[in-house]
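Please walk through this model with me, one part at a time. The sequence and structure come first, and the explanation follows.

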Amino acid sequence: NEVLLEAEGLKKYFPVTKGLLISKVTGWIKAVDGVSFQVRAGETLGIVGESGCGKSTTAKMLLMLEEPTEGTIRYQGQRSSVQAVFQDPWSSLNPRMRVRDLIAEPMVINLNLSRREMQDRVTKLLGDVGLSNYHANLYPHEFSGGQRQRLAIARALSVEPRVIVLDEPVSALDVSIRAQIMNLLKDLQEEYNVSYLLIAHHLATVRYMCDWVAVMYLGQIVEFGPTKELFQNASHPYTKALMNAALPSHPDIEQEEMILTGEVPSPLNPPEGCRFHPRCPFVMERCSRDIPEVTELAPGHVVSCHLY
Ligand code: SF4
Ligand code: MG
């Protein structure tokens with residue numbers, strides 16, 4: 001499929017400074033450190049990892065909310081062809097605006113439509129996300145968390161984007177609502193022919209939603225592949241640890257916690273060699289010294305680890 005969004009060698013370093021009047025840079029937090037991927041037409045790419053792995057910073061760079069320190073992002077089409085849905089709908093919806101205007105706002109900015117056309121589109125979008133025209137005159141605080149996420153999705157879809165960045169879209173919702181929103185997103189993907197880049201820390205979410213999965217650890221992608229292949233033949237010790245942590249004896253996805261041994265090392269001065277080596281049960285002598293290369297295990301399935 002056609003490549004709609006491409007990130008190449010993406011890096012984001014934040015300076016660590018010392019001193020109040022004359023601040024001196026004493027180090028760099030390497031939040032994202034050389035990440036490359038493609039989002040293709042009609043597909044969903046998931047980026048999964050623990051908090052602090054750089055997945056949200058990656059999303060912010062794609063949305064131009066953060067400037068990359070290095071690397072390139074290429075989009076197919078207009079800037080408005082990439083929209084976003086965030087974890088907390090309150091942070092992305094202005095509480096003093098009516099739903100009608102909130103959904104129409106990206107259209108006002110990006111499209112040249114008449115009032116009538118915009119109204120018609122808002123009506124259609126509300127229906128498509130499982131709400132009705134009645135809801136158009138209400139304010140966001142009058143909705144439940146799940147409904148507000150439906151509104152955020154309608155707003156993102158209003159300009160008919162080609163890609164939507166979904167940053168933890170269901171993490172803040174009750175378990176019972178999560179499946180509804182995930183199914184809605186899947187249905188809308190078909191109807192609007194939109195691609196998703198899904199940022200998540202729940203493996204269950206990416207497994208259900210994604211065609212491709214990238215596993216991130218300390219600013220880097222350590223394993224990448226087609227979802228089914230990756231879940232069947234998880235190869236990187238970090239991916240395996242994530243999967244073991246999501247115990248099958250606890251099918252409730254809320255139970256899914258990332259219980260890994262050892263602390264997540266700081267992205268400030270990350271470990272030498274393989275960044276996972278201080279926590280890896282398979283660590284070898286060379287792991288603390290040499291950076292592992294990318295090895296292809298199966299078509300499209302790649303891993304960065306000295307075991308392969
Ligand atoms: Fe573990 Fe070594 Fe592989 Fe890193 S390279 S994941 S330390 S075995
Ligand atoms: Mg996050």
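Strands β8 (residues 212-217) and β9 (residues 220-226) run antiparallel and are joined by six bridges. Helices (H or I, at least four residues) and strands (E, at least two) are DSSP runs, numbered from the N terminus. Two strands pair if DSSP finds at least two bridges between them. In this pair, Val 215 stands opposite Glu 223 of β9.

A word on the model itself. It is predicted: local features need pLDDT of at least 70, side-chain atom pairs count only at pLDDT 80 or more, and totals for chains, interfaces and linings use all residues. Residues are numbered from 1 along each chain as its sequence is written, while chains are lettered from A and ligands numbered from 1 in the order in which they are written.

Now the whole sheet. It is open, has eight strands and mixed pairing, and its order is β5-β6-β7-β3-β8-β9-β11-β10. The edges are β5 (82-85) and β10 (294-298), each pairing on one side only. Neighbouring strands are turned by 20° against each other on average, direction ignored. Axes here are lines fitted to C-alpha atoms, for helices over the stretch in contact, and angles run from 0 to 180 degrees between N-to-C directions.

Look next at β7 (residues 195-200). Six of its six residues are buried. Buried means that 20 or more other C-beta atoms, placed from the backbone, lie within 10 Å of the residue's own. Both faces are covered: Ser 195, Leu 197 and Ile 199 on one side, Tyr 196, Leu 198 and Ala 200 on the other. Strand β3 (residues 44-48) runs parallel to β7, with five bridges between them. There, Val 48 stands opposite Ala 200. Strand β6 also pairs with β7 in the parallel sense, over five bridges. Asp 167 has Ile 199 of β7 as its bridge partner. From β6 the chain passes through helix α6 (residues 175-192) to β7, a right-handed β-α-β crossover. Right-handed means that, with the strands pointing away from the viewer, the path from the first strand over the helix to the second runs clockwise.

Helix α1 (residues 55-62) is mostly covered too: eight of its eight residues are buried. Among them are Lys 55, Lys 60 and Met 61. Just after α1, Met 64 takes a positive phi of about 60°.

Last, ligand 1. Which residues are the closest to it? They are Cys 274, His 277, Cys 280, Cys 287 and Cys 305, out of 14 that surround ligand 1 (C-beta atom, placed from the backbone, within 6 Å).

Terms used
A residue is buried if 20 or more other C-beta atoms lie within 10 Å of its own, exposed if 12 or fewer, and partly exposed in between; C-beta atoms are placed from the backbone.
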